[in-house]
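Okay, thanks everyone, let's get going. Have a look at the screen, and then I'll walk you through a few parts of it.

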Amino acid sequence: MNQTTQVTQKIDLANVAARAESASKIYGSGESEVRALDNVSVSFERGKFSAIMGPSGSGKSTLMHCIAGLDALTSGSVYIGETDLSKLSDKEITKLRREKVGFIFQSFNLIPTLNAYENITLPLSLGKSKGDKAWIQQVIDTISLNDRLDHRPSELSGGQQQRVAVARALATRPEIIFADEPTGNLDSKSGGDILKFMRRAVTDLKQTIVMVTHDAVSASYADRIVFLSDGHVAGEMTDPTPEKVLDFLKHLGE
Amino acid sequence: MFRLSLKMTIARKGRLFLTSLAIILGTSFLSGTTIFSDTINSTFDRLFTDVFRDVDAYVRSTDSVDTGFGEQRAPSPVAVLDTILKVKGVSAAVGDMQSYARVIAKDGKPIGQDQGPPTFGGIASESSAGLWNVEDGRLPVGAKEMMLDRETAEKGKYEIGDSVRVTALSGTRQFTLVGIANYGDISSPGGATFALFDQPTASEFLLKPGFVDAILIQGDGTLSDEELAKTINAALPVDAKLETLTGAEITEETTSQIKTVLGFFTAFLTAFSFIALGIGCFVIYNVFSITAAQRQRESALLRAIGASRRQVTVSLLVEALIVGVLGSVIGFVAGIGLSRALSALLNAIGLEIPTKGLTINSNAITQTVLIGTVITVLSAILPALRSGRVPPLAAMRDTALDTVQKLTRRIAIGLVLIAAGAVGLFASMNGADVAILGLGVLGVFAGVLVIGPALSKPVAMLLGKPVSALRGVTGSMSQQNAARNPKRTARTAAPVLIGVALVTAFTALAASIKNEIRESIGSSFRGDYALSVNSRGFGGIPTSVTDQLTQLAEVDQATGVGFIAAKVGDESPFVLVFNPKTADGLYDLSMVEGTQKGLTKNEILVEADKALNKNLTIGSKVSVTLVDGRSTQLTVAGTYTDAYGNYAISRELFEGSATPLFDSFVYIKTAEGVSDENARTAISAVSQDLGIGTLESRDEYIDTQAAQVDQFLALIYGLLFLSVIIAIVGIIITLLLSVFERRREIGLLRAVGMTRSQVRTMVRWESVITSLFGAVTGVVLGILTGIVIVVSLNDSGFSAFTLPIGNTIFILVGAFIIGVIAAVFPAWRATRTEIISAIASA
């Protein structure tokens, strides 16, 4: 625990896209109290592809939801850039999610009544902003969906839907993108494509991505992995390979 | 399986509540009107049993005319009393009278209104056969004395010894109040007023000297009522045209007559309660359809673990049964409250019903619960069958929300229905029966409802265009949401559609009738002022008033017009009675053939269409029988177009008749150079003395006559208001279910940056678009129906149709507001969607 805290403090604050400080999330009270997050401090570097790993119930999704402003902490604080989310109203947090955060969920990422292009630009339209046309075109080129833009989600394959979701997350050029098991519902070929797109978004387009996953192969696409167990940070790893990850998880289980 | 259904029903409290709500609304009005009718009926049963308690036999004339608005009977000669009193077994007999008399209060204003409960004049007698019990003072004796019922005395602030002014058939007179009486045990029946006199005064003042309406007889107890009636009947002169009824018979007849009159009212209420129920059906059907779709996975799971199709279907029907019974029972209870509200409403408009609590018959609850349950189960059949057809594999799939079925068959069926309806309408426009018109309208309505889902998508997209342009992506999502499930949108909008179509059609019809009234009166009434009452058939302005007015220096000419029940050929209509001697140039019937001038008492005028219909031409003979039984052969002297009533006769025909004749209108032409103020002052002096009649200038009078249609329209609006409430509730239920169904979508939208207020906007506009879809289709359908009805009921064709532009705009704005109101709660619920759990519920 102390070890990991020291690790985070070594990182230059100006280069941090998002961080959590002594974050705790407690469900229920008394006998039935569950500590989903227990005094977690962690930060995610700008321009990097980070992964959060851990077994079911380790608190990895909760951590992501809280940092992304989808859920509120019981105590502690989370920051997107320099903004302390605990000080914001629901309206301000919504605006922040719209402008500074991108999301890719495991499934049901797209609004069925909107076509692919409308889905991609949805956060911009909600904020009544036109966005950066050239950037959006660049994003669409990257995910190679030019010929599918006027299709409804129901007319796209699962892999194509997730590619649209990636493009939507990138469209506002956010501070940070959160991906929650983005390949969980895909076959390995489509899943691999999505991970490659995300990798390119970080390397070529200089974006920041934090991905929650329990899959060692997916996690190995990241620059750095933070391991969570029982609501605690259980360690981290830079430049992971699937073997190293599986090895670490084996030890975590012991 | 039943137990499982029960458990699943109870587990989904929200769904249970929403479904019940639709049933409660539908059944409460039905139970309300049923209880209300039962209460009225039992009240009058009790009242007349009480009133005729001491009457063992009843003698009356055999001559009567039944116009459909209550029976009018010829008077009986009072001389027959002597004969009856001599019959063995008779202990007492007395004349009875229920003629028109209006009591004027101390402030000069009449007690009672033209359209309120009747104002009667009657006989007060010491005989134990009489209906009145003296409470205070004594019985009136002679031409100068009278008695009042307690309630009227209180209303007029009259005390014994006061001088009271009364207007009746033979004009206005002053009497001294000598007593106050009760009718049976109560102060006054149904808010009616009673002025009571001794028999000779009553006959002379209210009817005709020597005549009464009927004779009440009390036996001495030696004979049964049946034997007594038989004995009396045998003693009556053979040529007197009199008949004898037992006390039980006259009680029964009086009660059933009152019930018939009130029956129009209760039938009207019942008709609307069934409209409400029908509209409720749509909401129930819609709720079951949506919930059946939402629990597709649940049904599929049941199928996967081994439930048969039938079991799945039956489980949903069992749920419908449970909800149906539950909702109907609550609806019945709510109906008790509604019937109280109806009573209060009637009291407020002066139609007091002397109720002693509500009458709740056991068959009222049986009927409500039975009908409510049956329609609920029927509404659930289609959705239940659909549920049964869900393949077990659907349990593994994501719920398919946007089931776009082929609409071809639907459109085909709808078009066939509309076409069939149109044929009926076309036939009725060319003179077919009114029933065909009704069937045609029904066919077109049904067709439009069937086609609805095919219409809802394009229309919703069109209506949503401005919203999308105005509100950006939020508005565009409202538009898409309203259009994404065409069947649901169509079903949700159906109550609005039906309500709006009915309102529009009635409004169009009313506007056209008003126009016609204006034109008709405008062309027939050529004078400057009109004195009018609004009580055709019972009472009115004494005919002597015309003479009084003519004598005024300010008045050049005055003529009275009345209406009277008579038998004409094989019909019993109200016949127009005018005075050909004074009407010339003042009251013009717009003659087609012949002339109204100099119409004699042996001649009759016939409305042009009626003449055509009955094959009558100038010179034809028509037999006319007045209420007193006097029959005459009249010669058709001409045909006319513009007037109330299909037959017109001369006042001369009534000279010497015992039939009471009043005027309903007196038309007045002022002398040259008389100012409005002077004319009004002079005429008012006469009319105020009568305490009856409204004095209006020509324009005011025409406005008032046309405005009478508005009262009818207001009643219809009031009742259709109920369907508006059901429509709102229907939209609320659908939106709530949609919001629940789109939980994940809303969660996602919130996650990627949609604010709560944008969520509200999105739901609100979806609601408005849905409501407007119903309103727009309803208005179109209503106007078309209105045109057809007007054209088929009217001879002047399309020109008679008046487009109610103001009302249409009002309806569309109303639909907009309905949409906004209905969205409030669902929109709020939508903003409360928890993002995390919505996204997590994969």
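Let me start with a term: a residue is buried if 20 or more other C-beta atoms lie within 10 Å of its own, exposed if 12 or fewer, and partly exposed in between, with the C-beta atoms placed from the backbone. Second term: helices (H or I, at least four residues) and strands (E, at least two) are DSSP runs, numbered from the N terminus.

Quick housekeeping. This is a predicted model, where local features need pLDDT of at least 70 and side-chain atom pairs count only at pLDDT 80 or more, while totals for chains, interfaces and linings use all residues. Residues are numbered from 1 along each chain as its sequence is written, and chains are lettered from A and ligands numbered from 1 in the order in which they are written.

So, chain A. Helix α2(A), residues 60-67, is mostly covered, with eight of its eight residues buried. Among them are A:Lys60 and A:His65. Just after α2(A), A:Gly69 has a positive phi of about 80°.

Now the sheet. In chain A, six strands make an open, mixed sheet, ordered β6-β7-β8-β3-β9-β10; strands count as paired if DSSP finds at least two bridges between them. At the edges sit β6(A) (101-104) and β10(A) (232-238), each pairing on one side only. β3(A), residues 49-53, pairs with β8(A), residues 209-213, in the parallel sense over five bridges. And which residue of β8(A) is the bridge partner of A:Ser50? That's A:Val210.

On to chain B. There we have 22 helices and 27 strands, and 51% of the 842 residues are buried. The C-alpha trace spans about 95 × 70 × 50 Å along its principal axes.

One helix pair in there: α11(B), residues 408-429, packs against α12(B) at an angle of about 160°, axes 7 Å apart. Axes here are lines fitted to C-alpha atoms, for helices over the stretch in contact, and angles run from 0 to 180 degrees between N-to-C directions. So α11(B) is roughly antiparallel to α12(B), a label for angles over 145 degrees.

Finally, where the chains meet. The contact (C-beta atoms, placed from the backbone, within 7 Å) takes 22 residues from chain B and 23 residues from chain A. On the chain B side, α12(B) gives the largest share, six residues. That's me done, thanks.

Notes:
Two residues are in contact if their C-beta atoms, placed from the backbone, lie within 7 Å. Angles under 35 degrees count as roughly parallel, over 145 as roughly antiparallel, 65 to 115 as roughly perpendicular and the rest as oblique.
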